[in-house]
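Here are my notes on the model you sent. Please read them alongside the coordinates.

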Amino acid sequence: MTSIAVIGAGAFGTSLALALGGEGAPVTLWCRDADAARSMQESRQTGRRLPGHELPESVTVSGDLDEIRNRLCLLAIPMQQFSGFLATHADVLSKRTLIACCKGVDLASGLGPVSLIRRQFPTATAALLTGPSFAADIARGLPTALVLACEDDTAAESMQTTLSRPALRLYRTADVTGAELGGALKNVIAIASGIAIGAGLGDSARASVIA
């Protein structure tokens, strides 16, 4: 099986490591907190961002980014830290296949995650892995569908094959911009929908907001 690095041990990154490693694929999960990484590696339990799960034997937790040797890297880094992370660790991340696993738009540049990868690494194979999903469901092995957005369909098909699992189904799209914006705008729509409910405006008003 193809070895995979999941960079970022938040809820989504940890859930992906659990799902991908659960089938026996070698997975390296990078945690920025070296002490937390050591604790997870020794206890074989997930960290505080997604507690209550045992790490598969095939998952190795590391706090040293220089130890990452995997060609395929899933970047589960918060969106507003993403650009700085790419720049700071450009020497480690160059010449890799990079799949962003974050939602939103960079406030400083107005760019989505794949656009930020392209700006930092113009020749890199870049993609976006996004919902609809909940990290807790992925971690529990419940059936989940994700969207894999990549303009290179040949590369996307290879990623889809590598990352798909019996309970984790990936659907490809070449509309990277649409996937980037969809991940950001759905939060705005959800908040507006909640306001409509809280104000007692009824289901018709909520449906209008969503539509």
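The points below go from the whole chain to single residues.

1. Basis. This is a predicted model, in which local features need pLDDT of at least 70 and side-chain atom pairs count only at pLDDT 80 or more, while totals for chains, interfaces and linings use all residues. Residues are numbered from 1 along each chain as its sequence is written, and side-chain values use heavy atoms, with hydrogens and water left out.

2. Fold and dimensions. The protein chain has nine helices and eight strands (DSSP runs, H or I of at least four residues for helices and E of at least two for strands, numbered from the N terminus). Its radius of gyration is 18 Å, close to the 17 Å from the globule rule for 211 residues, so the chain is as compact as a globular protein of that length. The radius is taken over C-alpha atoms, and the rule is 2.2 Å times the number of residues to the power 0.38. The C-alpha trace spans about 55 × 40 × 30 Å along its principal axes.

3. Of the 211 residues, 44% count as buried (under 20% relative accessible area, 1.4 Å probe, protein chains only). Among contacts with a separation of 6 or more, 63% join residues 24 or more positions apart; contact means heavy atoms within 4.5 Å.

4. Cores. A nonpolar core is a set of buried Ala, Val, Leu, Ile, Met, Phe, Trp, Tyr and Cys residues joined through side-chain atoms within 4.5 Å. The largest has 36 residues, and Leu29, Leu74, Ile99, Cys101, Leu129 and Leu163 have the most contacts inside it. Helix 1 (residues 11–21) gives the largest share of this core, six residues. A second, separate core holds 26 residues, including Leu65, Val92, Ala126 and Val176.

5. Leucine 129 and leucine 146. Beyond four places in sequence, leucine 129 contacts residues including Phe12, Leu16, Leu74, Ile99, Cys101 and Leu146. Leucine 146 lies in strand 7 (residues 144–149) and is buried, at 1% relative accessibility. Its contacts, not counting residues up to four places away, include Leu16, Leu129, Leu168 and Leu170.

6. Valine 114. Leaving aside neighbours within four places, valine 114 contacts Ala126, Ala127, Leu128, Val176 and Glu180. Its C-alpha atom is separated by 9.7 Å from that of cysteine 101, 13 residues away along the chain.

Conventions:
Buried means under 20% relative accessible area, exposed over 50%, partly exposed in between (1.4 Å probe, protein chains only).
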